[in-house]
Amino acid sequence: MRISQKIGLLICILTLSLPLNAQEKESGLDKFVEYFTFYPNKDKVAKDSTLYLSKIITAPILSYSPETSLGFGVGAKYLFKFKGSGEETRTSNMPVSLLYTLKNQFFVYSGFEIFTNQEKWVISGNIIFQNYPRLYYGIGQNSPETDEENYDNYQFLFEPILLKQAFTRYLFLGGGVRYNKIYKTKIESNKLLATNQPSGFDGSTSVGFELAALYDSRDNILNASKGWYLELTRGFYGTALGGTHQFELTRFDLRHYLKVSQKNDDVLAFQAIGHFANGDTPLSELALFGNEEIMRGYIEGRYIEENLLAAQVEYRKTFKDSRLGMVAFLGAGDVFNKSKNLSLNDIKLNYGVGLRFMLDKKEKLNIRFDFGSGSDTDGNFYVNIAEAF
């Protein structure tokens, strides 16, 4: 359900010019953020204090990742609760971003997670329209860097999922639909893609239904300090509704967060993800190894295969009475197919450090600066908003 968000905020640059005094710096930043923040139900909250003060945080966007180079645009994050929701209901999150990069890519993106009153229902999903030229190295866990080539396409993805609370407070069961169209594909002649022509290399349409299960006991959606998160989807795709390929796709995302000590706010975070494809799977639905969320340091799609397993652990250090924080992370993973099982000898490592700056103290929304490296990469730098996981 979650898709990597290639966005960041220009605020992270502007904060560097604020006064050095901590109190002045906080005041200056709060005023700056407030300038870009709107409160759609402010008048109603003034009359009814039981309502949640919804906010729309808008800002110029600035981001950097190796896949996109420098990106800039505008974005908004809508944080709200429905009328009748109290502290037992977590804040719903609806971001919308428009981004253009120096590699001639553009993104229009919204990934949402909406809780109804008392979290009886969860509505989540993604909407993406993008033109995303990317690098291709071939399919397989040992594809050589010397085979690097560029290919270009357009993508429209629509993936809404509806889940109902079941059996216990934090468990949700349901399903949805997924439509993923890849078109206007351009590839380099006489290169690997043109020669090997993997399924869906020149475009594809995936249409199907997903079964979904979600267990989410996190105390905060944007920056958890305790709780569990397990997202499991099983998708069935065919040609009956206009799809071009028939295949099945299973994905999971497991996370756990815990406080390191009662004396501070430091957090230890764990994540494991899996992607398993079966059938006539098009290129666009294969697992992509590396991005700004997991296996940081590897260019997204540096390795591509039917299946992927990866895990990471991150230590998040928060400094008392400060917006600043730091992280250190370590991860491992690989891609593989049916004919070659995952082997410990092929496991790829990644590691790195990062700096955090808290933009919104109430929602614990951070701007992050990460540098990741690994056994098969010299490393890459990332600027983004919200935690990697």
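This is a predicted model: local features need pLDDT of at least 70, side-chain atom pairs count only at pLDDT 80 or more; totals for chains, interfaces and linings use all residues.

**From the surface inwards**

Val74 counts as partly exposed because its relative accessible area is 49%. Now look along to Lys77, which is also placed in S3. Is Lys77 buried or exposed? With a relative accessible area of 8%, Lys77 is buried. As background, side chains in a regular strand alternate between the two faces of the sheet.

So who surrounds that lysine? Setting aside residues up to four places away in sequence, Lys77 touches Lys55, Ile56, Ile57, Asn93, Met94, Pro95, Leu222 and Leu365. With one of these, Asn93, the side chain of Lys77 makes a polar contact of 3.4 Å. If you like C-alpha distances, here is one: Lys77 and Ala59 are 9.1 Å apart in space and 18 residues apart in sequence.

Next, a loop. Ser225 is found between strand S10 (204-216) and strand S11 (227-237). Its relative accessibility is 5%, so Ser225 counts as buried. The side chains of Ser225 and Asp219 are joined by a polar contact of 2.5 Å. Beyond its neighbours within four places in sequence, Ser225 is in contact with Asp219, Tyr257, Leu258, Lys259, Val267 and Lys364.

In the hairpin of S18 and S19, with four residues between the strands, Lys364 takes a positive phi near 55 degrees. Strand S18 (residues 348-360) and strand S19 (residues 365-374) pair in the antiparallel sense over ten bridges. Within that pairing, Arg356 stands opposite Arg368 in S19. On the other pairing of S18, strand S17 (residues 324-336) runs antiparallel to S18, again over ten bridges. There, Phe329 has Gly352 in S18 as its bridge partner.

Now for the charges. How many salt bridges does a search of the whole structure find? The search finds 23. Let me show you three of them.

Here is one: the side chains of Arg90 and Asp216 meet at 3.1 Å, N to O. Arg90 lies in the loop between S3 and S4 and Asp216 in strand S10, so this pair ties together parts that are 126 residues apart in sequence. Both Arg90 and Asp216 are buried.

Another joins the side chains of Asp370 and Arg356, at 2.8 Å from N to O. This pair links distant parts of the chain, with Asp370 in strand S19 and Arg356 in strand S18, 14 residues apart. Asp370 and Arg356 are both buried.

Arg356 also forms a salt bridge with Glu387, where the closest N and O atoms are 3.0 Å apart. Here the link runs from Arg356 in strand S18 to Glu387 in the segment after strand S20 (377-385), 31 residues away. Why do we call Arg356 buried? Because its relative accessibility is 3%, and the cut-off for buried is under 20%. Glu387, at 5%, counts as buried too. Salt bridges with shared partners then join Arg296, Glu314, Arg316, Arg356, Arg368, Asp370 and Glu387 into one network.

Gln118 has a positive phi, near 55 degrees, and is not a glycine. Gln118 lies in the loop between strand S5 (106-115) and S6, and is partly exposed because its relative accessible area is 36%. Asp321, in the loop between strand S16 (307-318) and S17, also has a positive phi near 55 degrees. With a relative accessible area of 71%, Asp321 is exposed.

Key. Residues are numbered from 1 along each chain as its sequence is written. Side-chain values use heavy atoms; hydrogens and water are left out. Buried means under 20% relative accessible area, exposed over 50%, partly exposed in between (1.4 Å probe, protein chains only). Helices (H or I, at least four residues) and strands (E, at least two) are DSSP runs, numbered from the N terminus. Contact means heavy atoms within 4.5 Å. A polar contact is a pair of N or O atoms within 3.5 Å; within protein, one must be able to donate a hydrogen and the other to accept it, and residues adjacent in sequence count only if both atoms are side-chain atoms. Two strands pair if DSSP finds at least two bridges between them. A salt bridge is a side-chain nitrogen of Lys or Arg within 4 Å of a carboxyl oxygen of Asp or Glu.
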